[in-house]
Amino acid sequence: MALNPEFVGRVYGPGAPYEVSRVKIADFADAIGEPSELCRDRDAAVKAGYPDVIAPPTFAVVISMHAADEANNDPGLGLDYSMVVHGQQSFSHSRPLHAGDVVVATTTIESIKSVGTMSMLVTSTDIVTAAGEHVCTAKSMLVERRADA
Amino acid sequence: VTVTYDGVAKGTELPARSYRVTRLDLVKYAGASGDFNVIHWSDRAARAVGLPSVIAHGMYTMAQAGQFVTEWAGGDPGAVTDFGVNFSAMVPVPDDTPPSGNTGGATIEFSGKVLDKLGDNKVTVDIVAKADGAKVLTRARATVRLP
């Protein structure tokens, strides 16, 4: 069974607010081997013009993946997660996420395409502050390989 | 050598770099990112779906690509504004845990060049990422602000 094309345009969220913390940013920077002190030292970040330590650009996936899962796991969509590979990912930042940000994420199903035994699902997640300031839009394309198509 | 906007042109190459990826890196990335997909830490589960071994998270490879650009651009991770990739091949990470020693793991090689100068000190960089000879990212583009 292919993905349900009627789900294009559906919107999920905004979910619960996510508070960006210094510890989480430092852990993420450690995990990807990002050495910058701007991810760890508040004084250095402030000196560079940021309000607090900043997250590396792909940190936004921590928030967007969680938000997009609400769409991906919608039973009516019909996505078989065990057959999914990540096809594309992009981030468009208005500014870096920084410690102290409290953000909410809203995910829209942008497109669903099926070609042969493959289905492509594109979601777009907007990450904005509680005050409504846009921080990042994360787009993801998942590819589902169907054994039973 | 500090890279500056005025000092680069269309076609300027980024110095190539390679990053080693081990099982421990994937475990750390899983914890930090919250992506606990079993194919990134269990060989048995990976083989059950036809993979040669555990594979790296695509997002881990993308993060390395981001760091490659950031390092070239002066070290500020906040300088990367737009960043997108296609994941074109998987990165198998063979077991390197004891007692197999250092025979496992994987290496991702990055190179890149300036595709366009956008004004406002911003450039678009095209990134090439290879593992074991295969291109693991395609259309990998980052817009980064240079000093």
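Author: There is 1 cavity of 30 Å³ or more in this structure, and the largest cavity holds about 30 Å³ of space. A cavity is a set of points, on a 1 Å grid over the protein atoms alone, where a 1.4 Å probe fits but cannot get out; lining residues have an atom within 4 Å of a point. Points join across faces, edges and corners, and a volume is the space filled by probe spheres set on them. The model is a predicted one, in which local features need pLDDT of at least 70 and side-chain atom pairs pLDDT 80 or more, while totals for chains, interfaces and linings use all residues. Residues are numbered from 1 along each chain as its sequence is written, chains are lettered from A and ligands numbered from 1 in the order in which they are written, and side-chain values use heavy atoms, with hydrogens and water left out.

From chain A, the lining of the largest cavity has Ile32(A), Glu34(A), Pro56(A), Pro57(A) and Thr58(A), and from chain B it has Ala63(B), Gly66(B), Gln67(B) and Thr70(B). Sorted by type, the lining residues come out as 4 nonpolar, 4 polar and 1 charged (Ala, Val, Leu, Ile, Met, Phe, Trp, Tyr, Cys and Pro are nonpolar, Asp, Glu, Lys and Arg charged, and the others, Gly among them, polar).

Gln67(B) sits in helix 3 of chain B and counts as buried because its relative accessibility is 7% (buried is under 20% relative accessible area, exposed over 50%, partly exposed in between, with a 1.4 Å probe and protein chains only). Skip the neighbours within four places in sequence, and Gln67(B) is in contact with Ile32(A), Gly33(A), Glu34(A), Pro35(A) and Tyr19(B) (contact is heavy atoms within 4.5 Å). Val80(B), 13 residues from Gln67(B) along the chain, has its C-alpha 9.5 Å from that of Gln67(B).

Leaving out neighbours within four places in sequence, Trp72(B) is in contact with Val3(B), Val8(B), Leu14(B), Pro15(B), Val114(B), Val123(B), Val125(B), Val144(B) and Leu146(B).

Buried residues in helix 1 (23–33) of chain B are Arg23(B), Asp25(B), Leu26(B), Tyr29(B), Ala30(B), Ala32(B) and Ser33(B). Those buried residues pack against helix 1 (22–32) and helix 3 (60–72) of chain A, and against strand 1 (13–21), helix 2 (43–48) and helix 3 of chain B. Just past helix 1 of chain B, Gly34(B) has a positive phi of about 85°.

For open space, look at the pockets: open sets of points with protein on both sides within 12 Å along at least five of seven lines. The largest pocket has a volume of about 760 Å³. Its lining has 42 residues, with Val85(A), His86(A), Leu142(A), Asp35(B) and Gly58(B) nearest the centre. Helix 1 and helix 3 of chain B are among the elements that give two or more residues to the lining of the largest pocket. That lining divides into 22 nonpolar, 16 polar and 4 charged residues. The second largest pocket holds about 200 Å³, and helix 3 of chain A gives the most to its lining, with 5 residues.

Note on methods: Helix = DSSP H or I, 4+ residues; strand = E, 2+ residues; numbered from the N terminus.
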